[in-house]
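Let's walk through this one together, starting from a single residue and then stepping back to the whole chain.

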Amino acid sequence: MTKATPVGTTDKLFADAKAAYAKEDWPEAIRIFEEVRVQSPASTIAGEATYMEAMARFNSEMLSGAALDFHSVRRNYPNSPYASRAQYMAGESYYQIAPRAELDQAYTTLALSEFQTFLRDYPKAPPSLVDSAQKRILAIRSKLAEKFFNSAQLYDKLEEPKASLVYYNRVLDSYYDTRF
């Protein structure tokens, strides 16, 4: 059972969490940032605490949890200076989880959606993030094209030309800008 923190110590907790984050003590940083967020959800530091908690999860490779926390920043603190970066990082979290093209591409599709939302909702975000999101989208589209192209080739080998044609057409219709 966690002991109750006296009221008024949120700033101290936040400083402790930042110190743990700086030391790359991800579990401790996550724990303290979460405590700050729960104690003072409407405070001026809550958005930053939630974002930093998400970054600590991302850095400790807890990518699904990080994506959820990044969404929380965008949903709960839409006017926060961290909202645009959180949207980008939600996409990056899913991008890092996504497996190679031969496997299920649900996370790849989620990453694509998050990066597209970032570009749509934050056109004035830092240029480095915009450029990175655009590059990620190209890489994702190429991976999805490869997935459908490989499926088409498999149906070719199985001598199923109608099924093969469906997948080749999907590549041509949806991923015409990729090497596939």
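Leaving aside residues up to four places away in sequence, E53 touches I30, F33, E34, R37 and D69, where a contact means heavy atoms within 4.5 Å. This is a predicted model, so local features need pLDDT of at least 70 and side-chain atom pairs count only at pLDDT 80 or more, while totals for chains, interfaces and linings use all residues. Residues are numbered from 1 along each chain as its sequence is written, and side-chain values use heavy atoms, with hydrogens and water left out.

So where does E53 sit? Look in helix α3, residues 46-59. E53 is buried there, at a relative accessible area of 0% (buried is under 20%, exposed over 50%, partly exposed in between, with a 1.4 Å probe and protein chains only). Its side chain has a polar contact of 2.9 Å with the side chain of R37 and another, of 2.8 Å, with that of R57. A polar contact here is a pair of N or O atoms within 3.5 Å; within protein, one must be able to donate a hydrogen and the other to accept it, and residues adjacent in sequence count only if both atoms are side-chain atoms.

Now zoom out. The protein has 8 helices and 0 strands; helices are DSSP runs of H or I with at least four residues, strands are E runs of at least two, and both are numbered from the N terminus. The C-alpha trace spans about 70 × 35 × 25 Å along its principal axes. Of the 180 residues, 42% count as buried.
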